[in-house]
Structures are given as C-alpha cells and as structure tokens.
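This report goes through the helices, charged pairs, aromatic pairs and selected contacts of one model. Please keep the sequence and the structure in view while reading.

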Amino acid sequence: MAELAEATIPETTNFNPLLIVKEFKRLLLQEIDFEREARTIERYQKNFSHSEFLVIPKVYKEFSTKRF
C-alpha cells in the first residue's frame with residue numbers, strides 16, 4: 001500500500017510512506033525478540049536491585065527466543 005501511495009499520490013513523497021513502513025517493521029521485529037527483551041529485563045534487575053518499591057519480573061530464558 002505504501003508503494004502504491006507513493007506511486008499514485010504525489011503528496012505522499014513528503015511523508016515517505018515506504019520508509020515509515022520499513023521502520024515500523026524493524027521496530028516490531030525488535031519488540032518480538034524475546035531474547036532482547038530478556039536482556040533488557042536483566043539489565044533493569046541489576047540497575048534497580050536496591051529498590052524497595054520496584055519489582056522486576058523474573059526472566060525465564062528457556063522461553064526467551066528470537067522469535068515468538
């Protein structure tokens with residue numbers, strides 16, 4: 001659809017729909033990378049280990065993969 005919009009609607013070139021879709025895809029793939037999410041949670045656990053009011057969930061690495 002982004003390609004079609006760019007090809008048929010000249011005004012869309014200011015917004016670069018194809019680039020927006022590619023960036024959205026890249027960010028979504030990062031979000032569903034559970035290995036990356038596990039590393040982030042572990043970093044939070046380390047950084048906030050002395051907090052008395054913040055609870056960070058436990059990471060189950062056996063369920064944390066690159067893909068959902």
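## Basis and helix numbering

Helices are DSSP runs of type H or I with at least four residues, numbered from the N terminus. The model is predicted. Helix 1 covers 2-8 and helix 2 covers 17-31, with a loop between them. Helix 3 covers 34-47, and a further segment follows it.

## Salt bridges

How many salt bridges does a search of the whole structure find? The search finds 2. One of them joins R26 to E23, with 2.5 Å between the closest N and O atoms. Both R26 and E23 belong to helix 2, where they are 3 residues apart, about one turn of the helix. R26 counts as partly exposed because its relative accessibility is 41%. E23 has a relative accessibility of 35% and therefore also falls in the partly exposed class.

A salt bridge also links E42 with K61, and here the closest N and O atoms are 3.4 Å apart. E42 is in helix 3 whereas K61 is in the segment after helix 3, so this pair ties together parts that are 19 residues apart in sequence. The relative accessible area of E42 is 30%, which means that E42 is partly exposed.

## Aromatic pairs

A pair of aromatic rings is described by the distance of the centres and the angle of the planes. The structure holds 2 such pairs. In the pair of Y44 and F48, the ring centres are 6.3 Å apart and the planes meet at 55°, so the pair is tilted. The class follows because only planes under 30 degrees apart count as stacked and only those over 60 as edge-to-face. Y44 is partly exposed, with a relative accessible area of 39%. F48 counts as partly exposed at 39% relative accessibility.

Y60 and F63 form a tilted aromatic pair as well, at 6.5 Å centre to centre and with 55° between the planes. Y60 has a relative accessible area of 43% and is partly exposed. F63, by contrast, is exposed, with a relative accessible area of 64%.

## Nonpolar surface patch

Which residues form a nonpolar patch on the surface? The patch consists of Y44, F48, F53 and L54, which together have about 450 Å² of accessible area. Y44 and F48 are also the partners of a tilted ring pair. F53 is located in the segment after helix 3. Its relative accessibility is 76%, so F53 counts as exposed.

S64 is part of the segment after helix 3. Is S64 buried or exposed? S64 counts as buried, because its relative accessibility is 15% and the limit for that class is under 20%.

The side chain of S64 reaches the backbone oxygen of Y60 at a distance of 3.1 Å. Apart from neighbours within four places in sequence, S64 is in contact with F34, E35, A38 and V59. F34 is partly exposed, with a relative accessible area of 34%. Between the C-alpha atoms of F34 and E23 there are 19 Å, for residues that are 11 places apart along the chain.

## Q30 in helix 2

Q30 lies in helix 2 and counts as partly exposed, at 26% relative accessibility. When neighbours within four places in sequence are set aside, the contacts of Q30 are R36 and E37. Q30 and R67 are 37 residues apart in sequence, and their C-alpha atoms are 9.7 Å apart in space.

## Backbone at N16

Most residues other than glycine have a negative phi. N16 has a positive phi, near 55°, and is not a glycine. Where is N16 found? N16 is in the loop between helix 1 and helix 2. With a relative accessibility of 32%, N16 counts as partly exposed.

Key. Residues numbered from 1 in each chain as written. Predicted model: local features only at pLDDT ≥ 70, side-chain atom pairs only at ≥ 80, totals over all residues. Heavy atoms only, no water. Patch = residues over 30% accessible without salt bridge, like charges linked within 9 Å, V, L, I, M, F, W, Y side chains within 5 Å. Areas by Shrake-Rupley, 256 points an atom, 1.4 Å probe, with all protein chains shown as cover. Salt bridge = Lys/Arg side-chain N within 4 Å of Asp/Glu carboxyl O. Helix = DSSP H or I, 4+ residues; strand = E, 2+ residues; numbered from the N terminus. Buried < 20%, exposed > 50% of the residue type's maximum accessible area, 1.4 Å probe, protein only. Polar contact = N/O pair within 3.5 Å; in protein donor to acceptor, adjacent residues only side chain to side chain. Contact = heavy atoms within 4.5 Å. Phe/Tyr/Trp six-rings, centres within 6.5 Å; stacked < 30°, edge-to-face > 60°.
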